[in-house]
Amino acid sequence: MTKKYFVTGMHCASCELLIEKKLIKLPGVRTVEANKGESEVKIEYKKERPSLDRLNQLFAKDGYEFFDKK
């Protein structure tokens, strides 16, 4: 299954890489594609999708905030 999240705080390719590297380590996450131009992250996962709370906790120190809608 795939879920698209919208993200504030992404402004460069390094931001995309940081987000992708952190998310791919989460249990059940198969692929991650971050796109700074669209301010979105697509996550392909098995079973349970990562919750907004979990993502926002994971990235709070990095300055990114995840949303379901733009």
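The model is predicted.

The chain contains 2 helices and 4 strands. Read from the N terminus, these elements follow the order β-α-β-β-α-β. The C-alpha trace spans about 30 × 20 × 20 Å along the principal axes of the chain. For 70 residues, a compact globule would have a radius of gyration near 11 Å, and the chain agrees with this because its value is 11 Å.

The strands form an open sheet of 4 strands in the order S2-S3-S1-S4, and the pairing is antiparallel. S2 and S4 are the edge strands, each pairing on one side only. From one strand to the next, the twist averages 30 degrees. Strands of a sheet pair through backbone hydrogen bonds, in either a parallel or an antiparallel sense.

The pairing can be followed across the sheet from S2. Strand S2, residues 29–35, pairs with S3 in the antiparallel sense over 6 bridges. S2 and S3 form a hairpin with 4 residues between the strands, where Ser39 takes a positive phi near 55 degrees.

Strand S3, residues 40–45, is also joined to strand S1, residues 2–8, by 5 bridges, and S1 and S3 run antiparallel. The bridge partner of Lys4 in S3 is Lys42, while that of Tyr5 is Val41. In a regular strand the side chains alternate between the two faces of the sheet.

H1 lies across S1, S2, S3 and S4, and runs at about 165 degrees to S2. H2 lies across S1, S3 and S4, and its angle to S4 is about 165 degrees.

The two helices also meet each other. The axes of helix H1, residues 13–24, and helix H2, residues 52–59, come within 11 Å and cross at roughly 120 degrees. H1 is therefore oblique to H2, since angles of 65 to 115 degrees would count as roughly perpendicular and those over 145 as roughly antiparallel. The crossing of H1 and H2 is right-handed. On the H1 side the contact is made by Leu18, Ile19, Lys22 and Leu23, and on the H2 side by Leu55, Leu58 and Phe59. The residues of this contact divide into 6 nonpolar, no polar and 1 charged.

Conventions. Residues are numbered from 1 along each chain as its sequence is written. This is a predicted model: local features need pLDDT of at least 70, side-chain atom pairs count only at pLDDT 80 or more; totals for chains, interfaces and linings use all residues. Side-chain values use heavy atoms; hydrogens and water are left out. Two strands pair if DSSP finds at least two bridges between them. Axes are lines fitted to C-alpha atoms, for helices over the stretch in contact, and angles run from 0 to 180 degrees between N-to-C directions. Angles under 35 degrees count as roughly parallel, over 145 as roughly antiparallel, 65 to 115 as roughly perpendicular and the rest as oblique. A crossing is left-handed if the near helix is turned anticlockwise from the far one by less than a right angle, and right-handed if clockwise. Contact means heavy atoms within 4.5 Å. Ala, Val, Leu, Ile, Met, Phe, Trp, Tyr, Cys and Pro count as nonpolar, Asp, Glu, Lys and Arg as charged, and the others, Gly among them, as polar. The radius of gyration is taken over C-alpha atoms; the globule rule is 2.2 Å times the number of residues to the power 0.38.
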